[in-house]
Amino acid sequence: MNRIPPVAVDDLTPQQRDTYDNKPGGKLNLSRVLAHAVTIQPGIGLAVQGMMTGIEVPPLERQICVLAVLHLDRGAYEWAQHLEVSKAMGIADAKVAAIADDRFGDPIFDDREKALLAFTRQVVKTVRVDDFVFDAVAAFYSPRQIVELIHVIGIYMLFVRVSEVAELEIDGIVGGEFWRKANQQAGLVE
């Protein structure tokens, strides 16, 4: 049972109800628990929309970053969603397994992905990033992309904290199709 109950459908604001009725993720427990924060949730929604369609970090790398956050913070609810996202995006099962096993330096990853994973680990675990890791990620990513990655990491750290504190039951897996369509609409993948 969820520790924090999702907002009842009849109690959603008109904007939240529109999301519930028209977006696959709108019916999920996480969306309806986030709905308790009536004045904050619309901004989070805009941030997620921007993350899906407007950032320069390539979608597959964004997803690898998300998986690393979910693994590092032990976010079971979001991990279940993003296993499906990873599959829909064509991320190799071996890469997902390496992240799940905390093998961020595994040879399955190229140097760019290893830099991304080391960066993600330090942002999540220590907040500050040492010079070696920063220089490694900066060799592959522009300042804009680095700041975008920090946003992605922070958004998913928030989602993990909400879902874990609320002890959300995994109520549906909709992430794969949702992210695939978002990436297609943004012209990021075919």
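Author: Helix 4 is largely enclosed by the rest of the structure, because twelve of its 14 residues are buried, where buried means under 20% relative accessible area, exposed over 50% and partly exposed in between, with a 1.4 Å probe and protein chains only. This is a predicted model, in which local features need pLDDT of at least 70 and side-chain atom pairs count only at pLDDT 80 or more, while totals for chains, interfaces and linings use all residues. Residues are numbered from 1 along each chain as its sequence is written, and side-chain values use heavy atoms, with hydrogens and water left out.

Helices are DSSP runs (H or I, at least four residues), numbered from the N terminus, and helix 4 covers residues 59–72. Among its buried residues are Pro59, Glu61, Arg62, Cys65 and Leu72. At 1.5 Å a residue, helix 4 should span 20 Å, and its end C-alpha atoms are 20 Å apart, which agrees; the expected span is 1.5 Å times one less than the number of residues. After helix 4 comes Arg74, whose phi is positive, near 55 degrees.

Within helix 4 lies Gln63, which counts as buried because its relative accessibility is 2%. Leaving aside neighbours within four places in sequence, Gln63 is in contact (heavy atoms within 4.5 Å) with His82, Val85, Ser86, Met89 and Ile91. Ser86 also belongs to helix 5, where Trp79, Leu83 and Ser86 make the contact with Val96, Ile99 and Ala100 of helix 6.

Notes. Helix = DSSP H or I, 4+ residues; strand = E, 2+ residues; numbered from the N terminus.
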